[in-house]
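Please look over the structure below before reading on.

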Amino acid sequence: MPESVGEQRRVTRWAVAALAAAVVVAAALVLAGCDSPDILRSEGSAGNEIVTLAKWIFGILAGVLLTVWVILVFVIVTGKGRPEKEASQTKGNLRIEIIWTAIPAVIVTVLFILTVVITNRIDMPARGAQFTAIGRQWWWDFDYKDLGFKSPNEIYAPVGRRTSIDIESADVIHSFWVPQMGGKIDMIPGHVNHIHFVPLKTGEYLGECSEFCGVQHGKMRFLFVVVPPEEYTAWVERQQQPAAKPTGAEAVAGERVISSVGCGSCHAIRGTTLKGTFGPDLTHFGSRKGIAAYTLRNTPENLLRWIQDPQGVKPECNMPNVPLPLDQQQQLTAYLEELR
Ligand code: CUA
């Protein structure tokens, strides 16, 4: 019975379409739930321009898609039940050729002009950076050379004022990106790039490496904290101080441990004998919100876990597993958490 076969096919087609739609919706929900910043919720000057451009492009392209769909559905509906015959040929019809060449040409030209006008508003390089961001496998060195401190993996910036950054790399190509500030820029070994933008709203924003740079690329994050200007000044003053002297008994023991087990060959703590430059500066480690380039939140439990097994937490990172007795690991944790 041909009708029932046709019916069956139609039902199957609808089922496939419904399934595809369900998959798309489910994927969108899953992605929306990701612990990742929403690039369309910009809180920075450059980001606002980029979002404006994205909305224009999306709008125009959605218009194109919708037009095609409407025509397609119209043709399907009106053509249903008509006797099959060969389609009329349009080869050599100059008017039609001109029309369907002109329409895409106009669309592409409009997209081009929008892109040039809006990206030009982002007002790129002027020199005079406040600090240098250096990409490393797999963490961020933020070097405030003029102010005399480093603040790895966490930076503060005053709201409403221009943040201006020199961009470098110590090993491979990384890419500096705070999605909600907008703009991203490659960190290239042997070359200094520059980026600047104005943060427009206070808050904590996640920064990410957006260029694949090795196995732990996905765990190369940092925190960009936007605060009122007076709070920023206070932060700078705190960062300029040398490390606090430990007070608790465990922390005091921890200070002895850290200077005797070789941490100083990679790490520096200003005001102590640790002067390494290969790993993150730990002078104010306890004040930071993340560990290992924001792989873990900075809590004593997580820090202990990190000290005990860096290679388990972040395989192939440059921090080696150093075999230490548990009490020394706990003392180290106590000392580092006191470095506020
Ligand atoms: Cu650094 Cu990806």
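This is a predicted model: local features need pLDDT of at least 70, side-chain atom pairs count only at pLDDT 80 or more; totals for chains, interfaces and linings use all residues.

**Helix H5**

- Helix H5 covers residues 249-260, and at 1.5 Å a residue its twelve residues should span 16 Å, which agrees with the 17 Å that separates its end C-alpha atoms.
- Within H5, the residues Ala251, Ala253, Gly254, Glu255, Val257 and Ile258 are buried, and the buried residues of this helix pack against H8.
- After H5 comes Gly262, which has a positive phi near 95°.

**How H5 and H8 pack**

- Two packed helices are described by the angle between their axes together with the distance between those axes.
- For H5 and H8 the angle is about 105° and the axes lie 7 Å apart; because an angle from 65 to 115 degrees counts as roughly perpendicular, the two helices are described as roughly perpendicular to each other.
- On the H5 side the contact is made by Glu250, Ala251, Ala253, Gly254, Glu255, Val257 and Ile258, while H8 contributes Gln328, Gln330, Gln331, Leu332, Ala334, Tyr335, Leu336 and Glu338.
- Sorted by class, this contact between H5 and H8 holds eight nonpolar, four polar and three charged residues.

**Gln329 in helix H8**

- Gln329 belongs to helix H8, which runs over residues 326-338, and Gln329 counts as buried because its relative accessibility is 7%, under the 20% cut-off.
- When neighbours within four places in sequence are left aside, Gln329 is in contact with Leu304, Ile307, Gln308 and Leu324.

**Backbone features in loops**

- Most residues other than glycine have a negative phi, and most peptide bonds are trans.
- The peptide bond that leads from Gln137 to Trp138 is cis, with omega near -5°, and Trp138 sits in the loop between strand S1 (131-136) and strand S2 (139-144).
- Ala292 is not a glycine, yet its phi is positive at about 55°; Ala292 is placed in the loop between strand S11 (290-291) and strand S12 (296-297), and with a relative accessibility of 16% it counts as buried.
- Ala293 is likewise found in the loop between S11 and S12, where its phi is positive and near 55° although it is a residue other than glycine, and Ala293 is buried, with a relative accessible area of 1%.

Conventions. Residues are numbered from 1 along each chain as its sequence is written. Side-chain values use heavy atoms; hydrogens and water are left out. Helices (H or I, at least four residues) and strands (E, at least two) are DSSP runs, numbered from the N terminus. Buried means under 20% relative accessible area, exposed over 50%, partly exposed in between (1.4 Å probe, protein chains only). Contact means heavy atoms within 4.5 Å. Axes are lines fitted to C-alpha atoms, for helices over the stretch in contact, and angles run from 0 to 180 degrees between N-to-C directions. Angles under 35 degrees count as roughly parallel, over 145 as roughly antiparallel, 65 to 115 as roughly perpendicular and the rest as oblique. Ala, Val, Leu, Ile, Met, Phe, Trp, Tyr, Cys and Pro count as nonpolar, Asp, Glu, Lys and Arg as charged, and the others, Gly among them, as polar. The expected span of a helix is 1.5 Å times one less than its number of residues.
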